[in-house]
Amino acid sequence: MIFNFTTITWIIIAILVIDFVLERVLHHLNAKNLSAEIPEALKGIYKEDEYAKQQAYSKTNDRFSIYTSSFNLLLILLMFVFGGFAVVNNIAESVFENPILVSLLFFGIIYVADTILGIPFDAYKTFVIEEKFGFNKSTKGIFVTDQIKSLVLTAIIGGLIISLIELIYNQTQSLFWILAWVVVAVFSIFLNMFYSSIIVPLFNKQTPLEEGELRDAIQKFATSVDFKLDNIYVMDSSKRSTKANAYFSGLGKKKRVVLYDTLINDLSTDEIVAVLAHEIGHYKHKHTLQMLVVSLLNTLVMLFLLGLFLGNDALANAFGVEKANFHINILAFGLLYTPISVIIGVLINKFSRHNEYQADAFAAEHGLGDNLIEGLKKLSVKSLSNLQPHPWYVSFYYSHPTLLQRINAINKIKK
Ligand SMILES: [Zn+2]
């Protein structure tokens, strides 16, 4: 050990290890739930050979997740043992005097190093696993430019937010949490509204859905439920993966629906309309807005707590740094906050699954239940979804109910 571990150092390490163990236990339970025989309820959804492929895909991903999370745990433990965070802090302080620039350089170094170390894993996932199961369409060129674009984008957005909230903290510590929250809220709402028009075009091309049968069918349904829909776009997601999806983004007039080109290839017109009805259901139930409110409330509580810990020397000592500073304390707080964020994650997933049922019900109530079921089945089979995850695994990680749960719920409404 390069520096003396304090009680807080040990608490942080315990949190990291417990979090790792919890994740492995959940994965293990989930893996045990797989069975070689097609269960009765799934017959007719998967064919024998597709089912075997799905089981193999689940197992491969599970094994891969053991490597990635073990590597990540090892990395951060080594950073503690060798006082790595203090070293990076010293480097940043030797380059700049201005505390905001020091923080930006500190986070910059950590983030770039972490990204570079993660590249082999990302590449293996894309070009070995996804390739082997026939999902990958990405090229090395796309992969490399994607990595660079994400890095630059995170640097800009993350850098701006960090600079602003540190500036606020240096001006006022009593009002820090509420002012920092305003900054985060403005950014969140802005990103929510302009995600499709600013961020997505950096990675994908979106073209208005051409006139024709599909567009007419979508418009007809939208009008019938009194939903004004001017912006329907098709996104060229097939350049990366064969997996299909559709989503809504934006609020108010900015709202648009985006269909993956893969979705249009895989599903019939009626099925696409049903998927869209589901999305309109989210909108009618104001789910996007509710999620935004929930996440902003969550941020408010977190920033309030963060404000209490930012000036605390003991947190910095836990990293081998003598005096409290903005970036080290944020990092320490972030790690100590892990148990709370895990619990909040479980609650948010529960809320999200509840919303998914409501959106499905909206489609079913408008007579599209069967089409939705057929569409969802196709999507699940095409993406080799695990149809029998362990219930605990679902609680922790699933934002959507499983296919079987959704089919059962939709069928109940039809009757
Ligand atoms: Zn949904």
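What I am showing is a predicted model, and every value I quote is computed from it.

Now the overall dimensions. A compact globule of 415 residues would have a radius of gyration near 22 Å, and the chain, with 24 Å, agrees with that. Along the principal axes, the C-alpha atoms fill a box of roughly 65 × 50 × 40 Å. Of the 415 residues, 24% count as buried, and of the contacts between residues at least 6 apart in sequence, 71% join residues at least 24 apart.

Let me turn to the domains. The domain assignment gives domain 1 as 7-206 + 284-414 and domain 2 as 207-271, with 26 Å between their C-alpha centres. Where they meet, 23 residues of domain 1 are in contact with 25 residues of domain 2. On the domain 1 side, α6 (176-203) and α13 (338-382) each supply at least two residues, and α13 gives the most, with 7 residues. Sorted by class, that side of domain 1 has 5 nonpolar, 12 polar and 6 charged residues.

Which residues touch the most other members of the largest nonpolar core? In this core of 36 residues, they are Ala 246, Ile 272, Val 273, Leu 276, Ala 277 and Leu 372. The elements giving two or more residues to this core are α7 (213-224), β3, β4, α9 (269-284), α13 and α15 (403-414), and here α13 gives the most, with 9 residues. The core draws at least three residues from each of the two domains.

Taking Ala 246 on its own, and leaving aside its neighbours within four places in sequence, we find it in contact with Val 257, Val 258, Leu 259, Tyr 260, Leu 263, Val 275, Leu 276 and Glu 279. Apart from this core lies another, of 27 residues, among them Phe 107, Ile 165, Trp 177 and Trp 181.

A helix with a run of buried residues is α12, residues 326-336, in which Phe 326, His 327, Ile 328, Asn 329, Ile 330, Leu 331 and Ala 332 are buried. What do the buried residues of α12 pack against? Their partners are α1 (7-32), α3 (84-95), α4 (99-132), α5 (140-171), α10 (287-309) and α11 (313-317).

I will finish with a loop residue, Arg 240, which lies between β2 and β3 (246-249). Is Arg 240 buried or exposed? It counts as buried, because 20 C-beta neighbours lie inside 10 Å, and 20 is the number at which a residue is called buried. Setting aside residues up to four places away in sequence, Arg 240 touches Lys 137, Ser 138 and Ile 142. By contrast, 19 Å separates the C-alpha atoms of Arg 240 and Lys 378, which are 138 residues apart along the chain.

Note on methods:
Residues numbered from 1 in each chain as written. Predicted model: local features only at pLDDT ≥ 70, side-chain atom pairs only at ≥ 80, totals over all residues. Rg over C-alpha atoms; globule rule 2.2 N^0.38 Å. Buried ≥ 20, exposed ≤ 12 C-beta atoms within 10 Å, placed from the backbone. Contact = placed C-beta atoms within 7 Å. Helix = DSSP H or I, 4+ residues; strand = E, 2+ residues; numbered from the N terminus. Domains from an automatic or database assignment. Nonpolar A, V, L, I, M, F, W, Y, C, P; charged D, E, K, R; others polar. Core = buried A, V, L, I, M, F, W, Y, C linked by C-beta atoms within 7 Å.
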